[in-house]
Structure formats: C-alpha cells, structure tokens
Amino acid sequence: MTAAPEPPAADPITVLLGEHRTILQVLDEVDRESRRLETDGVLREAFWHDLLQFADVFDAGVHHKKEEALLFPALERAGLSASSGPTAVLRDEHGRIQFARDRLASALQARDRLRLVTTVASYVDRVRSHVLKENQILFPLARRLLARDELDGLAQAFLALRASTDVGLWLAHPLAFEAGA
Ligand SMILES: [Fe+2]
C-alpha cells in the first residue's frame, strides 16, 4: 500500500490575499472600537492588547516575513530592483507600519485616550493603503514575473515558515475569532 500523496500547497499569492482579507477585517473591528472609545470614553485595554498581539504575531511575525524573506527576494531575482523598485517601497512601508504600531502602544501604555484614537487612525490608514498597493500592484506583478515552479517553491516555503511560528497561539484569540481568521 502506498502513502497518499501530499496535498498541493495553496497558491502563495492566494494565501497572501487571504491574509490581507483577515488584516482588513481586523482593521474594520479596530475602527469600530476606536469610534466606541471616542463616544463613551471606555478604554477596553484587552481589545488593544489583542490588536498589538495581532500586529506582532500575525502581521509582522508571519505575513511580513513571507513577503520580505520570500516573495520580495523572488521578485528581485526575477528582475525588480532591490533598492528602488516596488519591493523597496513596500519594505520601507513595513517599517513605517511598525513605527505606527509603536506609537499606538505608547498611547495605550499612557492610557491617553485622545492620543490612542489619533494613533489608531494613522495606523489603520497606513496599513489599509499598504494592503491595497500590494493587492493592486505587487501581486499582479508577481503573477506575471514568477514562473510556476517559483510559485510552487514559495508555497512550500510559506508552509514551513508558518509551521515554525507560534501563530496558532494568536488564532485562539477573540480578535482573530471576530475577524473569522
Ligand atoms: Fe502584505
């Protein structure tokens, strides 16, 4: 009796698009919570700590790593400039998103509601426009530039990266549940 063949890994661009959908759903929830905070002044600290954990474990810890360590280098091997092309711009935006996340964390630590609302708005805007840019520019470019075997290699590497992280812990969080991750 022979072993069943391994199921094929999902198309890597489809995987990243799915992660973007999760990120956008979380941002919608963050918008709602920020409006509640503005209206009734109640600071639900657990919600904001969940958001920071999402930003660190899922967004920076898994999603950005797939892009920065695997997809971007594959695109640069296929001809994009590492210093001035779209991947350079998007790497820089990942740094700016991290900066916005740190400002949000600092406002939360100070329990400064007004500053939290302001920093959340800038974090949400920054991440939304970044996701849109990747969806509309980078991913169609990746589908044009990368050959089937390169996409297959990326799909396998994505699986290995995800298996090596503790993203499963995050998926047990209420925020992830609300976002349907
Ligand atoms: Fe992304």
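I took contact to mean heavy atoms within 4.5 Å. With that rule I looked at the contacts in the chain with a separation of 6 or more, and residues 24 or more positions apart account for 77% of them.

**Ground rules.** I noted that this is a predicted model, where local features need pLDDT of at least 70, side-chain atom pairs count only at pLDDT 80 or more, and totals for chains, interfaces and linings use all residues. Residues are numbered from 1 along each chain as its sequence is written, and side-chain values use heavy atoms, with hydrogens and water left out.

**Overall build.** I looked up the elements next. Helices (H or I, at least four residues) and strands (E, at least two) are DSSP runs, numbered from the N terminus. I found seven helices and zero strands. I then checked burial, where buried means under 20% relative accessible area, exposed over 50%, and partly exposed in between (1.4 Å probe, protein chains only). Of the 181 residues, 42% count as buried.

**Helix H1.** H1 covers residues 12-40, which is 29 residues. From its first C-alpha to its last I read 42 Å, close to the 42 Å expected at 1.5 Å a residue. The expected span is 1.5 Å times one less than the number of residues. Gly 41 follows H1, and its phi is positive, near 70°.

**The iron ion.** Which residues are its protein donors? I counted as donors N, O and S atoms within 2.8 Å of the metal (3.2 Å for Na, K and Ca); water is not among the atoms, so sites may look incomplete. I found His 20 (NE2), His 63 (NE2), Glu 67 (OE) and Glu 134 (OE), lying 2.0 to 2.2 Å from the iron ion. His 63 sits in helix H2 (residues 45-77) and Glu 134 in helix H4 (residues 113-145), 71 residues apart, so this pair links distant parts of the chain. Both His 63 and Glu 134 are buried.

**Aromatic pairs.** Rings of Phe, Tyr and Trp (its six-membered ring) pair if their centres lie within 6.5 Å; planes under 30 degrees apart count as stacked, over 60 as edge-to-face and the rest as tilted. I got two aromatic pairs. Phe 47 and Trp 48 are edge-to-face, 5.0 Å centre to centre with 80° between the planes. Phe 47 and Trp 48 are both buried. Phe 54 and Phe 58 are stacked, because their planes are at 15°, with centres 5.2 Å apart. Both lie in helix H2, four residues apart, about one turn of the helix. Phe 54 is buried at 2% relative accessibility, and Phe 58 is buried at 3%.
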